[in-house]
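Here's a quick briefing to read alongside the structure. Have it open and follow along.

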Amino acid sequence: MTAAALPPTTGVTVRAPAKVNLHLGVGAPRPDGFHPLVTVYQAVGLYDDVTVTEAPDWSVELVEPEVAVPLDGENIALRAGRALVAHHGLDLAAHVRIDKGIPVAGGMAGGSADAAATLVALDRLWDLETTDEDLLRIAAELGSDVPFSLLGGTALGTGRGEVVEPVADASALWWVVVLADDGLSTPAVYRHFDELHPDAPAEPADPTALLAALAAGDVPAVAAVLENDLWSPARDLRPDLVEVEADLRSMDPAAVLLSGSGPTLLMLFGDVDAARVALADVTALGHRATIAPGPVAGAHVVHYG
Ligand code: C5P
């Protein structure tokens, strides 16, 4: 069959992962209001699937409509689509359908995953051949975590989180992800960080010990140095997390960590059997939880229609 005889692509589905921050070092706010970060991202196996189809106008739909995600022009997937089309000087539009597997407002970059997946899906749908460099630049304008959602794996994030560089990671981690009933506002957590740390450094310190432990695949050493500067402000804003944290520590994980700006909490295990026991225990205590392995791939095509 010649290329001209091929039917046009009608729909493309791209899967993008949630992230956790193995290290989240936060500095004093910059003149633009964002905080300088030194962070180590890891993509974990909870996913949003985004399916795009060409349409006369932009629209977005959720497979589970009860999920609290804006469906107007503020939706980050629509903003991603418009930004990509503008970058290429095109006048095209698409329908974007989102199947959410990542907790909403949980500190796991679900919105960023949708934006990254939309960029990749539309690039393939319309055969735009956007360079990686341009995709990363457009992603950075959409949100601090969007470039990492494209990249996946394990990466060092600097700037406001948007400058990403893959790092060596020989570890295989098992996360028990413990969900909270209500979300937590990321800007509110950063604002409270500023109140707690009026003398935060301009440049957060490098996570040298963590990077060495990841490169060596040494899970106990990784567990010993996990750190999140947003944990104490998030605890202040959500005192209910303290009790959940105590429940999780009683299950003897290698570590307990707040995911990003929260309120999702994480238990770390080095093997899946221990993670499954903890999942059963934490569920029996009445918490909603799931298991996610890390690291996993960034945004990738799973279906061409
Ligand atoms: O970049 P993104 O849109 O994900 O950021 C959401 C909010 O989180 C920002 O408006 C800002 O309040 C806060 N933030 C910050 N410093 C960062 C990243 C995010 O203050 N490095």
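Which helix gives the largest share of the shell around the ligand? That's helix H5 (residues 186-196), with 3 residues. (Helices, H or I with at least four residues, and strands, E with at least two, are DSSP runs numbered from the N terminus.) Keep in mind that this is a predicted model, where local features need pLDDT of at least 70, side-chain atom pairs count only at pLDDT 80 or more, and totals for chains, interfaces and linings use all residues. Residues are numbered from 1 along each chain as its sequence is written, and side-chain values use heavy atoms, with hydrogens and water left out.

**Around the ligand**

- The ligand's surroundings include Gly-33, Phe-34, Leu-37, Gly-143, Thr-186, Pro-187 and Tyr-190; a residue counts as near if one of its heavy atoms lies within 4 Å.
- Sorted by class, this shell has 4 nonpolar, 5 polar and 1 charged residues (Ala, Val, Leu, Ile, Met, Phe, Trp, Tyr, Cys and Pro count as nonpolar, Asp, Glu, Lys and Arg as charged, and the others, Gly among them, as polar).

- His-35 has a polar side-chain atom 2.7 Å from an oxygen atom of the ligand; a polar contact here is a pair of N or O atoms within 3.5 Å.
- For Ser-144, a polar side-chain atom lies 2.5 Å from a ligand oxygen atom.
- With Arg-160 it's the backbone that takes part: one of its polar backbone atoms is 2.9 Å from a nitrogen atom of the ligand.

**An aromatic pair**

- Searching the whole structure turns up 2 aromatic pairs, meaning rings of Phe, Tyr and Trp (its six-membered ring) with centres within 6.5 Å.
- One of them is Tyr-41 with Phe-148, which is stacked at 4.6 Å centre to centre and 10° between the planes (planes under 30 degrees apart count as stacked, over 60 as edge-to-face and the rest as tilted).
- Tyr-41 sits in strand E2 (residues 37-54) and Phe-148 in helix H4 (residues 146-151), so this pair ties together parts 107 residues apart in sequence.

- Most residues other than glycine have a negative phi, and most peptide bonds are trans.
- Gly-262 and Pro-263 are joined by a cis peptide bond, with omega about 5°, and Pro-263 is in the loop between strand E9 (255-258) and strand E10 (265-269).
- A cis peptide bond also joins Gly-294 and Pro-295, with omega about 0°; you'll find Pro-295 in the loop between strand E11 (288-294) and strand E12 (300-304).
- Asp-127 isn't a glycine, yet its phi is positive, near 55°.

Technical notes
Polar contact = N/O pair within 3.5 Å; in protein donor to acceptor, adjacent residues only side chain to side chain.
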